[in-house]
Amino acid sequence: MNQHYEAFRKKLQEIFMMDHAELDFGIYRIMNHKRNQINDFLDNQLLPQVEQTLKEYVKTDDSLQQELTKAIEGCKNLGIDPDTNPKVQQLRQQIAQSSTGIDDLQNTVFSRLTQFFSRYYEGGDFVSQRRYKTGGNSAYAIPYNGEEVKLYWANYDQYYIKTSEYFKNYTFKLRDGRRIFFVLVDASTEQNNNKSTEGMERRFDVLRNEEGLPVFEEMDDEFHISFTYELMMKPPKQEIFNKNAFEALSVMIPKSWQDLLVKENVTDKVVLLEKHIKAYTDKNSFDYFIHKDLGGFLSRELDFYIKNEVFVIADLDAAKLQSQLAVVKAIERVGQKIIDFLAQLENFQKRLWLKKKFVVQSDYCITLDRVPEKYYPEICANDEQRKEWVRLFAIDEIKGDMMTEAYCEPLTIEFLKQNPLLVLDTKFFSLQFKHKLLADIEGLDEQTNGLLIKSENLQAINLLTRTFSSNVRGCYIDPPFNLGENADYLYRVDYKDSTWLTLLYDRVLGIKKLLMDDGSIFVRCSHDGNMILRQLLNQTYGQDNYRNEIVLRRAEETKGDLNKQFGTIKSITVNYDNLYWYSKYPNSRFSKIIKPISAEKSDAHWHSFWKALDRPTMRYEILGIDLSNHYGQWMWEKNRAFAAVKNYEIYQEQFEPKGISLEDYWVQTGKSLEFVKRDGDKIGSIKYWIPPRTETMADTNWLDIKGYANKWGFKTENSEGVLKRVIDSLSEKDDYIIDCFLGSGTTAAVALKLQRKFIGIDMGDHISKIAYPRLKYVLNGEKSGISNSCTYRGGGCFKYIRLEQYEDTLNNLEVNDGFGKPDNESYVLRYMLDTETRDSLINTKDFVRPFDYTIKTTRDNELVDTPVDLVDTFNYLIGLHVDSIHWHKDDNICVVEGTTHIEKEHALVIWRNQDVIKNDDLNDFFRKQDYSTLDREFDVIYVNGDNTLPNLKSDEEHWKVRLIEQELMKRMFEEE
């Protein structure tokens, strides 16, 4: 085939991810497994359809020759010279052209298809940019539905999926079966936490020892090469580091690995190791997004492309019309089939992204005052728990006296009693201990003060939707700012703001589903993004729900302002952040937001009763001054004002002569009376008394409190004062407050101190290293931040869970070759990936032993078998507020009781190890527990595995007893 065909095939190899044959992770592993089948389909089924389509519309040599022969014979029969006949001349010309005509048309088709798909595919992502005009005056079109103001960005219709697994998980396989691992070590970046400082950028480089030599390790059939990802001052481009790393490794790698890594060429100029160093660093430049509707988008664009650039009315030629139509049909037919395959691939990844994720760890932190004393002996014997208490709370420094017992090893029961705010962490104890302890806590979810989730935040929000839909009072988030090289998130360099908006869009929409009808959200940002953030919130929450833009103090003073050293300045130093407040619905009303009052305004004083507003109903005569025909209004309505006048008259007549001050009189009468007097002849002489106060209503200027703090060693740690002002004013006791960019955990800590409940979500290691221990300190009664101004003195319980992540889902994919290799075109284009990987996503056959269910997750750059908490996962999937969890039959039966949040159904969930608990055993268990499927105690009963429990219909569509497997599969993949 010619160069046009090869260029198009190469482009298909790239966008089908077939040009990474050695990559052994994620979606690449699946595509490589199907490589031969896909290549066979491309070469032998799909691309030949271009020629077939062209031949359907363009006459070939044989048909033209037959037509010419008939035309010549007809001329002779009529006595006409065939050489002068126009028809004969035209046919001879077509025959002369047809020998190369089909090839030329194929070249046109392949060239056009390459142009079309290259236009939208860039660095692993499809970017939605409709080309409206081409050439020197190229322009783009965006979707527009008549809005007054339209906010649009390049990745508007995509999901942002970048996480730190792109740093940690890179493996490839040599052709002899051995594996190479690139391991990120000593990196100052954490998951989704790509921080930089002013003037510095990050680069990947091979880790070097003190002699400057690369660090690697050979382990049997594995070879590990260590890399760093560090901040550097104005470094050269990444390609330079790649080149230097390759050259350093090439001479140091052991000979047993050199032949395949540094001597065997992948191309004429690139060897295997060189290729993979580039691919490893490039992973931070692509695969940032998953398109929400790639098939629909590309289909619309292909139609637009054909009409706008291929089949242009002005370029139509009657003599070539048939050929032009043939090109259009070939582009349309083959292009749409390629789109179908791409849509299958993208929708497959979208399905994995939106799939609700498994809970792979579920534990509780509980203060000892909530733990029954019968567990104290086992707690005393747990040395890992003791060590953490020494590390966090320095219990080894507790000295005894005549009344209290000193620290000793092992701990004593009396010591535990004397320290009721020590925080027990169930991760240090056996499953049996945890099961027994949780069984003793009735109203488990009600007694739990917060939920901490280590996960990519959109994955966590999706899992929580059924449990917390319209159940959260407020949200505070301080997402990473869009600061370019200083950004706190991974971003496409050429789409900095677009990446940021895509990151925020689905997350603030997901939070909106969780908010109560009178709930609200606060979003903090800097001047770099405040303009577009407000437009984004207008678009997601509605302009009618905008409440305020609040100004927050960024730093104490600009003492370190670099502008001071220069004679001129480029701009003024920015020393504030913006805090945007939006409600869920426009008719919501909120309690007053209070802030401390300045000293000069705290004393009692008289103030003008007149206001420069214009409400006619607030104009009347009072104390001889009539406002009826004047501009403005009085402060209060008439009856309230007259009552205040009477109050002051009583004071003057009865208490002032006794030497009692107005302030003392106000205190004696319960601090509730209001006073109005006249002090002159003008309108402004009517005055009302403002009592002494320490607080006043806050306006949008919050520069009176620190915006950031630095107690916990986290760069963007929000101050507890800011969170107290937000949470205290806009929520009540036991209301839920959510923060899905938790950072150092300030939102959760303040929620606990104000006796609210929190949901805190983050994905970086800082949630384990900072937020998690910080909340333990709060439970223990630590005194920092707002603690001294709160009544809370410690105690409580929070739950923390870890979720499977998108990369884990990809890494668990396995292809089932039992389907064979169907030749059906529709199967390959639309159904192959879903069908052949189905069992590896969720294998309900393994629910026979649900307490042994595992998946592979990444730890220390290795895939390890990790237990899945199916019980907890299912509770979230059905939105169950748990009342109790009990384990029976040597932990072979788990019984969960609770109420579903959305349906308000009283539910019973029974999990069993079916190898031990057969159907007869299950029926016997029901009888002994006095459970009945036929009475009204429970609205719905879930059981894993086929069973023989009596059943009845709860309504026309649903049975009362339902299979967990069916419900879990339904909920796991439904889009909320």
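1. Two terms need stating here: strands pair if DSSP finds at least two bridges between them, and both helices (H or I, at least four residues) and strands (E, at least two) are DSSP runs, numbered from the N terminus.

2. A word on the source. This is a predicted model, in which local features need pLDDT of at least 70 and side-chain atom pairs count only at pLDDT 80 or more, while totals for chains, interfaces and linings use all residues. Residues are numbered from 1 along each chain as its sequence is written, and side-chain values use heavy atoms, with hydrogens and water left out.

3. How many bridges join S20 to strand S26? Four bridges join S20 to S26 (residues 686-690), and the two strands run antiparallel. Trp606 has Trp689 in S26 as its bridge partner. Contact means heavy atoms within 4.5 Å.

4. Another open sheet has five strands in the order S34-S35-S36-S37-S38, with mixed pairing. Its edge strands are strand S34 (880-888) and strand S38 (961-963), each pairing on one side only. Strand S35 (residues 893-900) and strand S36 (residues 906-912) run antiparallel and are joined by seven bridges. Ile893 stands opposite Arg912 in S36. Helix H30 (residues 964-973) lies across S36, strand S37 (940-943) and S38, at about 65° to S38.

5. Trp911 is found in strand S36. Is Trp911 buried or exposed? Trp911 counts as buried, at 0% relative accessibility. Buried means under 20% relative accessible area, exposed means over 50%, and partly exposed lies in between (1.4 Å probe, protein chains only). Leaving aside its neighbours within four places in sequence, Trp911 is in contact with residues including Phe847, Phe851, Phe874, Ile893, Cys894 and Ile964. Trp911 and Trp887 are 24 residues apart in sequence and 9.5 Å apart in space, C-alpha to C-alpha.

6. Strand S15 (residues 472-477) is largely enclosed by the rest of the structure, because six of its six residues are buried. S15 pairs with strand S16 (residues 515-525) in the parallel sense over five bridges, and the bridge partner of Val472 in S16 is Leu515. S15 is also joined by two bridges to strand S29 (residues 736-739), and these two strands run parallel. Cys475 stands opposite Ile738 in S29.

7. Leu345 lies in helix H12 (residues 321-354). Leu345 is buried, with a relative accessible area of 3%. Which residues does Leu345 contact, leaving aside its neighbours within four places in sequence? They are Ile15, Phe16, Met17, Ile27, Met31 and Leu833. Leu345 and Phe16 are 329 residues apart in sequence, yet 8.1 Å apart in space, C-alpha to C-alpha.

8. Two packed helices are described by the angle between their axes and the distance between the axes. The axes of helix H24 (residues 746-753) and helix H25 (residues 766-779) come within 10 Å and cross at roughly 15°. That makes H24 roughly parallel to H25. Angles under 35 degrees count as roughly parallel, over 145 as roughly antiparallel, 65 to 115 as roughly perpendicular and the rest as oblique. H24 passes H25 in a right-handed crossing; a crossing is right-handed if the near helix is turned clockwise from the far one by less than a right angle, and left-handed if anticlockwise. Thr746, Ala748, Ala749, Leu752 and Lys753 in H24 meet Arg774, Leu775, Val778 and Leu779 in H25.

9. Finally, the totals. The protein has 30 helices and 38 strands. Of its 976 residues, 52% count as buried. Among contacts with a separation of 6 or more, 72% are between residues 24 or more positions apart. The accessible surface comes to about 45500 Å², of which 48% belongs to carbon and sulfur atoms. Accessible areas come from the Shrake-Rupley method with a 1.4 Å probe; for residues, only the protein chains shown count as cover.

Notes
Axes fitted to C-alpha atoms, helices over the stretch in contact; angles between N-to-C directions.
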